Amino acid sequence: MSKRKVGVLVMSYGTPRSMEEIEPYYTHIRRGNPPSEEQLQELTERYEAIVGGVFPLREHTDRQVQGLQRMLDRAAEGTDVQYVCYQGLKHVAPFIEDGIAAMAQDGIREAVSVVLAPHYSVMSVGSYNKRAQEAAEQQDIALKCVNSYHLHPDLLDALTERVQEQLDAYVSEGAPREEVEVLFSAHSLPARILEMNDPYPDELNATASAIAERCELKEGQWRFTWQSAGRTAAPWLGPDILDTLDSLRQEGVKHVLSAPIGFVSDHLEVLYDLDIEATQAAERMNLNFKRIRMLNDDPKYMSALADVVMTLDQ
């Protein structure tokens, strides 16, 4: 008996595969407007500053798609369904539309999309799903979209494990556990989303609160902050993590643990904005600064993704 074939469009922001791809990637982010020479140089220098340049960043996404495929293969074993994963990126090939086109070429007529970002915002996950839906309609594919999975137990388990790991590392170095301040963070978005009653801040705070409870963090031992805001005239959600670090310094905090729960893999916002920029700022402020490991293709994260995909497909 032939199996029902379901496409799975795995979407993410995308990252250049080489230094040569940085300019077209940046131009696409800027809606077709090429960056100035100064802007391009600054972004290129950031990629050059992280270990290995741009290549490992793309590999993380590739491994996540492969890891999800393996998880779905195991979960669907013995059923009448076969899941086939396709990659669709927002700002670099294969684009979201390319992933849908590949499905259509393979004869797939029903699909589920999921974004490698657990928290919904109309400006992030919503925009991915809108593009995917429009492309799917053109290809006559029935598409269901996962909006968020910010409180999935497997996701929370994986993140809690990472926070506990670094709290234990501080203790092993002689720092009292209760004196470690945990900074949960995510990519900032334009502040106008607050006027739209966008669920993004609430979902992030719900994830942070759930992890804090699981880690038995005491009241006042954790807070939420923002990072990686765009450079536009319009205000972005704050406070920025660099400002929060300065606030902690003024409060007399000595040990800080960065938990960027809005991100699911090692990429520029983690390897540069946190590991270089925030780390250097913390050093100048005489703060001890650690960061949790990213999820990447952790089996628990892959399990959460597989579960939300299969649940929506029911």
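Mentor: Start with burial: a residue counts as buried when its relative accessible area is under 20%, and as exposed when that area is over 50%. Keep in mind that this is a predicted model.

Trainee: Is S228 buried or exposed, then?

Mentor: S228 has 14% relative accessibility, so it counts as buried. It lies in the loop between strand 6 and helix 8.

Trainee: What follows helix 1, and what is its phi?

Mentor: R31 follows helix 1, and the phi of R31 is positive, near 55 degrees. As for helix 1 itself (residues 22-29), its buried residues are I22, Y25, Y26 and T27. Those buried residues pack against helix 2 (37-49).

Trainee: Now the peptide bonds. Which bond to P94 is cis?

Mentor: The bond from A93 to P94 is cis, and its omega is near -5 degrees. P94 sits in the loop between strand 2 (81-89) and helix 4 (96-105). Another cis peptide bond joins G238 and P239, with omega about 10 degrees. P239 belongs to the loop between strand 6 (222-227) and helix 8 (241-251).

Trainee: How are two packed helices described?

Mentor: Two packed helices are described by the angle between their axes and by the distance between those axes. Take helix 6 (residues 153-172) and helix 11 (residues 299-313): they pack at an angle of about 160 degrees, and their axes are 8 Å apart. An angle over 145 degrees counts as roughly antiparallel, and helix 6 and helix 11 are therefore roughly antiparallel to each other. Their crossing is left-handed.

Trainee: Which residues meet where helix 6 packs on helix 11?

Mentor: From helix 6 come D154, L155, D157, A158 and E161, and they meet K300, Y301, S303 and A304 of helix 11. The residues of this contact divide into four nonpolar, one polar and four charged.

Trainee: How do helix 6 and helix 7 cross?

Mentor: The axes of helix 6 and helix 7 (residues 200-214) come within 9 Å and cross at roughly 60 degrees. Helix 6 and helix 7 are therefore oblique to each other. This crossing is right-handed. On the helix 6 side, P153, L156, D157, L159, T160, V163 and Q164 take part, meeting T207, A210, I211 and R214 in helix 7. The residues of that contact divide into six nonpolar, three polar and two charged.

Trainee: What should I know before looking at the interior?

Mentor: In soluble globular proteins, nonpolar side chains tend to be buried together. Here the largest nonpolar core has 55 residues, of which L68, V114 and F184 touch the most other members. Helix 11 gives the largest share of this core, eight residues. There is also a second, separate core of 19 residues, which includes A104, A132, A135 and L143.

Trainee: What does F184 touch, beyond residues up to four places away in sequence?

Mentor: The contacts of F184 include V163, A208, I211, W222, F224, A259 and I261. A259 and F184 are 75 residues apart along the chain, while their C-alpha atoms are separated by 4.7 Å.

Trainee: Where is A259 found, and what surrounds it?

Mentor: A259 is found in strand 7. Its relative accessible area is 0%, so A259 is buried. Apart from neighbours within four places in sequence, A259 is in contact with V163, V182, L183, F184, S185 and I292.

Trainee: What about S258?

Mentor: S258 is also placed in strand 7 (residues 255-259). Its relative accessibility is 0%, so S258 counts as buried. Setting aside residues up to four places away in sequence, S258 touches L183, I241, L274, F289, K290, R291 and I292.

Methods
Residues numbered from 1 in each chain as written. Predicted model: local features only at pLDDT ≥ 70, side-chain atom pairs only at ≥ 80, totals over all residues. Heavy atoms only, no water. Axes fitted to C-alpha atoms, helices over the stretch in contact; angles between N-to-C directions. Helix = DSSP H or I, 4+ residues; strand = E, 2+ residues; numbered from the N terminus. Parallel < 35°, antiparallel > 145°, perpendicular 65-115°, else oblique. Left-handed = near helix turned anticlockwise from the far one by under 90°. Contact = heavy atoms within 4.5 Å. Nonpolar A, V, L, I, M, F, W, Y, C, P; charged D, E, K, R; others polar. Buried < 20%, exposed > 50% of the residue type's maximum accessible area, 1.4 Å probe, protein only. Core = buried A, V, L, I, M, F, W, Y, C linked by side-chain atoms within 4.5 Å.
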